[in-house]
Amino acid sequence: MHLWLRNFHLLAGLFSALMVLQYGVSTMFMSHRGWFGPPKMETTEVTINVSSETATSARALARELMDKHGLNGELRQGRETNTGYVLRIALAGFQHDVEYSRATGVARVKTQKRPARMTLTAIHQQGGLHHEHWVSNAWGALVGIVSVGLILLGLSGIYLWFKLRKERVVGTVLLVLSLAYSVSLMVMLRVA
Amino acid sequence: MNYWVKRIHTWFGLLNFTIVLVFGATGLLATFRPAPAERRPPQTTTSDVPFTPSAGVIADKDVAVEIRRKLDIPAAGGNVRRDGDNNLVASFSTPNGLRRVTYLEKENRLRVESRHNNIWQFFNVLHETLPRQAEDGRIRLWGYYTEFSLWSLIGMTLTGFWLWLATRPGFRWAQISFAAGTAVFTLLWIFSR
């Protein structure tokens, strides 16, 4: 049992390592934006001709841009305007902002490639298995696996600590302090 | 050296035990919650509370502070505006859900609308509660804990990695597990850029 749990803790930890590191680092970026200065985005702009017969709706326009013009990603936002449509096709590392004019049949596509720290932040906010794009669903699946891993890492960690006799006294003090602090705050916040 | 790395890894784990479980629960919520269009909004209740701001409290934002204190709202953030009838509306974000308070000045009362997050949504908001400058002490203390956890997560990952390489680098399943996790992350990163 002990060896099994020890191995499980190691394997689950190693599999989740990069994702957990991503969560820590991206939280640091979100929590301490002032440390890093404004992010620099690489921006390119192109115009694409799409006939108004094809662009009958924002979704139809997005489909055309994805199928015929290489715009990869998930349709995140979209709406009709007085003159056409605006929409955003994006994944964690980039976004294409599209402004389409029905009158001219021209879609202006502004592509912004996000720097690594913004991509990490976007990955942090990924989740769910209901997305249209397989990459977003894959991230969602990885989030689920790592979440289960985190819970099991915590529980197996408690067991492994307890098996270290020399660490029981110090460990008990730390655990009791931590639980007293966190659980009492959670209760206070929940009942407020 | 390994002895101290192992102790630090263990201590970080013990100190962050609760919040690691909160993070795990949040991740499960993110994975299995319905798509935005299918989500049911949280239940909302409304109540009225008598209220008159203290003498000398004039500005809307100062009235909002008094409202928060009067109702003991553990606000992680909020905003203040006037509605269509020119009543002051103070909205407070709390781990339990949004609290929208309308100050009906002529009637000396507050109309309090409370949205009630379920326990999973509560954990979700807790996990992202970071404001260490919040006026509410409970939120500030939880914010310190979340801040500590972000550094602990980084520390536990690095110390865990060290312990593996220092004690069992040849363990084949560990190598496979690390390679698999890294490969999945790397591939998804590439496809996301």
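# Reading the contacts of chain A

User: How many residue pairs are in polar contact between chain A and chain B?

Analyst: A polar contact is a pair of N or O atoms within 3.5 Å; within protein, one must be able to donate a hydrogen and the other to accept it, and residues adjacent in sequence count only if both atoms are side-chain atoms. Between chain A and chain B, 21 residue pairs qualify, both residues being at pLDDT 80 or more. The model is predicted: local features need pLDDT of at least 70, side-chain atom pairs need 80 or more, and totals for chains, interfaces and linings use all residues. Residues are numbered from 1 along each chain as written, chains are lettered from A and ligands numbered from 1 in the order written, and side-chain values use heavy atoms, without hydrogens and water.

User: Which elements of chain A give two or more residues to the side that touches chain B?

Analyst: Elements here are DSSP runs, numbered from the N terminus: helices (H or I, at least four residues) and strands (E, at least two). On this side they are helix H1 (2-31), H3, H4 and helix H5 (168-191) of chain A. H1(A) gives the most, with 19 residues.

User: How do the residues of that side divide into nonpolar, polar and charged?

Analyst: Ala, Val, Leu, Ile, Met, Phe, Trp, Tyr, Cys and Pro count as nonpolar; Asp, Glu, Lys and Arg as charged; the others, Gly among them, as polar. Chain A brings 46 nonpolar, 20 polar and 5 charged residues to chain B.

User: How many residues take part, and what area is buried between chain A and chain B?

Analyst: Contact means heavy atoms within 4.5 Å. By that rule, 71 residues of chain A meet 70 residues of chain B. Buried area is the accessible area (1.4 Å probe) that two parts lose on being put together, summed over both. The two chains bury about 5800 Å², with carbon and sulfur atoms giving 74%. Leu14(A), Leu189(A) and Arg190(A) supply 12% of chain A's share, more than any other three residues.

User: Which residues form the salt bridge between the chains?

Analyst: Look for a side-chain nitrogen of Lys or Arg within 4 Å of a carboxyl oxygen of Asp or Glu. There is 1 between chain A and chain B. It pairs Glu167(A) with Arg7(B), the closest N and O atoms being 2.6 Å apart.

User: Where are the domains of chain A?

Analyst: Domain bounds come from an automatic or database assignment. Domain 1 covers 2-34 + 122-191, and domain 2 covers 42-114. Their C-alpha centres are 38 Å apart. Chain B is divided into domain 1 (2-35 + 141-192) and domain 2 (43-116), with C-alpha centres 40 Å apart.

User: What joins the two domains of chain A?

Analyst: 8 residues of domain 1 are in contact with 9 of domain 2. The buried area is about 620 Å², of which 46% comes from carbon and sulfur atoms. Ala122(A), Glu132(A) and His133(A) lose the most area on the domain 1 side, together 66% of what it buries. Glu132(A) also forms a salt bridge with Arg59(A), at 2.8 Å from N to O. On the domain 1 side, helix H3 (116-124) and helix H4 (134-162) of chain A each give two or more residues.

User: Is Ser16(A) buried or exposed?

Analyst: Buried means under 20% relative accessible area, exposed over 50%, and partly exposed in between (1.4 Å probe, protein chains only). Ser16(A) has 3%, so it is buried. It sits in helix H1 of chain A. Its side chain reaches the backbone oxygen of Ala12(A) at 2.8 Å. Ser147(A) is 131 residues away along the chain, yet the C-alpha atoms of Ser16(A) and Ser147(A) are 9.0 Å apart.
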